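Keep the structure in view while reading.

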Amino acid sequence: MNFQEEENDFFKLAEEESAERERKEQKKLEKAEKRAEKRALKLKKKEEKRHKKLGLSDDVDAESTESKEGAADEVSSNEEEASADAVTTAEKDTSTENGTATEEVKAKEEATSKEEVASQGDESPARDLAASDSENTEKKSLESEKDSEDDDKKSRRRKRKRGEKYRDPNLNIVQELLSLIVYIGVVILICFIIMNFVGGRVQVEGPSMQDTLYTGDNLWVDRVSYKFSDPKRFDVVVFPVADGSYYIKRVIGLPGEKVQILPDGTILINDKALDEHYGKETIWDPGIAAQPFYLGKDEYFVLGDNRNDSHDSRASDIGNISKDDIFGKAVFRLSPIEKFGKID
């Protein structure tokens with residue numbers, strides 16, 4: 001609702017109030033007339049009584065008529081005065097109400113204008129505050145950049161004083177590539193060392209180690225252990241032979257022991273039967289071990305687990321194996337996967 005509608009409503013209310021006052025004044029006039037009539041009747045009755053007592057009836061009629069006329073004139077004059085007072089009061093109330101309404105409208109307009117000015121005043125400080133904040137932020141960012149540049153310069157100076165060269169950030173990619181190449185080279189070198197000095201992979205060919213190993217099995221051979229310790233009985237070892245190939249057999253006799261294989265296939269170590277379960281079957285051909293012999297220092301007597309289908313220390317071209325000739329100890333079966341694990 002705008003100010004014009006409020007002003008119209010206010011004027012309507014003022015008119016209704018003035019009409020209500022006029023009705024009240026009219027009622028007052030009516031009551032005054034009734035009171036005047038009652039007063040005239042009382043005066044008439046008093047005059048009649050008085051004239052009856054004095055015997056002046058004719059005079060009483062004349063006087064009563066005059067009194068009636070005087071009362072009527074008095075009532076009419078009272079009515080005129082009351083109506084004039086009501087009109088004057090209504091005009092005053094209307095003018096007062098109009099003035100009040102006008103003053104209220106003006107006050108509202110002034111308040112609205114003040115609010116607009118205040119809102120504009122509030123917005124302008126907000127704008128100024130935002131502008132000052134942005135300026136402060138820019139100043140801080142510039143100062144931080146300057147500080148970082150100063151720090152970089154100081155760090156460069158320190159490095160130069162220490163004899164260090166300043167590294168351009170653009171060279172990071174080249175450095176990373178070089179470090180990657182060096183890393184790959186180190187890995188290759190480690191693998192080479194492991195394969196040639198620490199261990200290696202060998203593949204089984206032939207049935208001489210059945211039922212422990214089979215053709216196609218891939219084994220991991222430990223080449224370090226025997227550099228710090230001696231082979232033990234029943235170790236599975238790999239060693240080279242004259243034709244350049246490698247054999248894989250099991251250690252049976254150790255250095256300094258007396259070895260002999262009896263005709264019934266019994267293996268004697270220092271004249272005692274060897275308690276072992278690796279042999280697939282009873283030995284048919286003891287070979288050069290049919291006669292007892294002693295193993296020299298660092299010499300080992302080896303046999304295949306498939307005793308009747310193995311070319312081992314019983315053959316004169318193989319004989320006893322020196323520790324220096326042992327390539328390594330077979331410790332793990334790498335494949336097939338279902339047989340992966342330690343070699344017993």
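**Charges on the chain**

Glu143, Glu145, Asp147, Glu149, Asp150, Asp151 and Asp152 form a negative surface patch. The model is a predicted one. Asp151, one of these residues, sits in helix α2 (residues 57-162). Asp151 counts as partly exposed because its relative accessibility is 46%.

Now the whole chain. Its secondary structure comprises four helices and twelve strands. Of its 344 residues, 25% count as buried. The chain exposes about 24,300 Å², and carbon and sulfur atoms supply 52% of that area. Take the contacts between residues at least 6 apart in sequence: 61% of them join residues at least 24 apart.

The salt bridges number twelve. One of them joins the side chains of Glu20 and Arg23, at 2.2 Å from N to O. Both residues belong to helix α1 (residues 3-54); they are three residues apart, so about one helical turn separates them. Glu20 is partly exposed at 35% relative accessibility. Arg23 is partly exposed too, at 46%.

Another salt bridge pairs Asp235 with Lys329, at 3.9 Å from N to O. Asp235 lies in the loop between α4 (225-228) and β3 (236-240), and Lys329 in strand β11 (residues 328-335), so the pair ties together parts 94 residues apart in sequence. Asp235 is buried, with a relative accessible area of 11%. Lys329 is partly exposed at 26%.

Lys258 and Asp271 form a further salt bridge, their closest N and O atoms 3.2 Å apart. This pair links distant parts of the chain, 13 residues apart: Lys258 is in strand β5 (residues 258-261), Asp271 in the loop between β6 (267-269) and β7 (272-273). Lys258 is buried, because its relative accessible area is 19% and the cut-off for buried is under 20%.

Definitions and conventions. Residues are numbered from 1 along each chain as its sequence is written. This is a predicted model: local features need pLDDT of at least 70, side-chain atom pairs count only at pLDDT 80 or more; totals for chains, interfaces and linings use all residues. Side-chain values use heavy atoms; hydrogens and water are left out. Patches are made of residues with over 30% relative accessible area and no salt bridge: like charges are joined within 9 Å, nonpolar side chains (Val, Leu, Ile, Met, Phe, Trp, Tyr) within 5 Å. Accessible areas come from the Shrake-Rupley method with a 1.4 Å probe; for residues, only the protein chains shown count as cover. A salt bridge is a side-chain nitrogen of Lys or Arg within 4 Å of a carboxyl oxygen of Asp or Glu. Lys and Arg count as positive and Asp and Glu as negative; His and the chain ends are not counted. The place of a charge is taken as NZ of Lys, CZ of Arg, CG of Asp or CD of Glu. Helices (H or I, at least four residues) and strands (E, at least two) are DSSP runs, numbered from the N terminus. Buried means under 20% relative accessible area, exposed over 50%, partly exposed in between (1.4 Å probe, protein chains only). Contact means heavy atoms within 4.5 Å.
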